[in-house]
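Okay, thanks for making time for this.

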Amino acid sequence: MKVCGMCGKHFEILGWTCTSCGHAPKLVDGYVAFAPQLAEASDGFEARFFTKLATLEAENFWFRSRNRLIIWALQRYFPQAKSFLEIGCGTGFVLWGIEQAFPKLRLWGSEIFTIGLDFAAQRLSKAELFQMDACKIPFANEFDVIGAFDVLEHIKEDGKVLAQMYQATKPGGGIVLTVPQHRWLWSQADDYAHHVRRYHAQELKTKVECAGFTVVRMTSFVSLLLPLMALSRLQQRKPNPNYDATSELRISGWMNAILESILYLEKTMIRLGFSFPAGGSLLLIASRS
Ligand SMILES: [Zn+2]
């Protein structure tokens with residue numbers, strides 16, 4: 001069901017004009033926009049970063065490995081899902097991976113910046129894309145699965161986002177989340193990306209449970225690369241006015257291949273039931289009863 005952004009009424013029609021108060025969301029750059037005042041500038045993320053990201057992520061071991069892990073999580077925990085919403089879909093690289101793996105799944109993607117949606121629209125053949133503030137999701141009992149991949153750490157009121165995700169998920173459905181982990185890994189990369197926090201595992205679990213979900217699986221990932229990552233992040237502790245966050249993504253082809261095969265091994269271990277206690281990121285899967 002849809003939820004009116006003005007009067008809060010729940011309604012179920014094709015369009016977006018509220019059946020109770022007549023309110024209709026604006027269009028921004030051709031996308032239905034539920035938070036148009038945030039579509040171009042927000043303190044959450046540098047919109048221009050998308051342009052660099054879109055050219056790097058398809059080849060980069062980290063994005064490719066994260067896609068494999070997300071697709072595995074959907075296959076393993078939500079094999080019956082018919083609808084999927086990604087919050088903060090960025091340039092659509094994850095949705096693109098999901099579209100390849102699950103051709104029958106109906107896909108929605110939301111992003112606070114419409115510039116991200118332009119890249120996503122080029123990549124995807126059938127996803128419905130719209131602009132939205134994750135703190136105010138205009139759906140109730142609508143999606144089998146909602147995903148947010150490295151999104152929550154950008155948002156001050158992450159508890160509010162999780163509560164909204166709970167409302168928008170169908171009973172029997174659930175969520176898949178990834179977030180950066182370990183406060184001691186904080187570096188310029190986090191400052192540059194406007195992260196509000198890196199999570200502690202228990203912190204994420206508690207917040208997800210407070211929203212009403214039941215956690216069904218949680219593991220760290222980028223665990224086998226943690227020593228390497230820690231070294232790289234320690235070097236970034238020295239203030240550098242010319243810091244370029246994409247430098248970490250631009251690595252040689254052979255190094256990229258080695259790192260990707262290590263993360264492939266890691267995914268295999270996770271698939272076999274091993275949960276890593278520490279790692280650069282956290283994966284959490286939770287269900288709504
Ligand atoms: Zn209304």
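Let me start with a question: which residue forms a salt bridge with R106? It's E128, and the closest N and O atoms are 3.3 Å apart. By salt bridge I mean a side-chain nitrogen of Lys or Arg within 4 Å of a carboxyl oxygen of Asp or Glu. The pair links distant parts of the chain, with E128 in strand β7 (residues 128–131) and R106 in strand β6, 22 residues apart.

Quick housekeeping before I go on. This is a predicted model, where local features need pLDDT of at least 70 and side-chain atom pairs count only at pLDDT 80 or more, while totals for chains, interfaces and linings use all residues. Residues are numbered from 1 along each chain as its sequence is written, and side-chain values use heavy atoms, with hydrogens and water left out. Helices (H or I, at least four residues) and strands (E, at least two) are DSSP runs, numbered from the N terminus.

Back to the salt bridges; the count comes to 13. For us, buried is under 20% relative accessible area, exposed is over 50%, and partly exposed is in between, with a 1.4 Å probe and protein chains only.

Now a pair with buried partners. R66 and D150 meet through their side chains in a salt bridge, 2.7 Å from N to O. R66 sits in helix α2 and D150 in the loop between β8 (143–149) and α5 (158–168), so this pair ties together parts 84 residues apart in sequence. R66 is buried at 7% relative accessible area, and D150 is buried at 14%.

Next up, D190 and R233: their salt bridge has its closest N and O atoms 3.8 Å apart. D190 is buried at 0%, and R233 is buried at 9%. There's also a network of salt bridges linking D158, R183, R197, E203 and K207.

On to the helices. Two packed helices are described by the angle between their axes and the distance between the axes. In α1 (residues 49–56), the buried residues are F49, F50, L53, A54 and L56. They pack against α2 (61–77), β6 (106–111), α4 (114–123) and α6 (188–192).

Take α1 with α4: their axes come within 9 Å and cross at roughly 25 degrees. Axes are lines fitted to C-alpha atoms, for helices over the stretch in contact, and angles run from 0 to 180 degrees between N-to-C directions. So α1 and α4 are roughly parallel to each other; under 35 degrees counts as roughly parallel, over 145 as roughly antiparallel, 65 to 115 as roughly perpendicular, and the rest as oblique. On the α1 side, F50, T51 and A54 meet I115, G116, F119 and R123 of α4, where contact means heavy atoms within 4.5 Å.

Last one: what about α2 and α3 (residues 93–101)? Their axes come within 10 Å and cross at roughly 50 degrees, which makes α2 oblique to α3.
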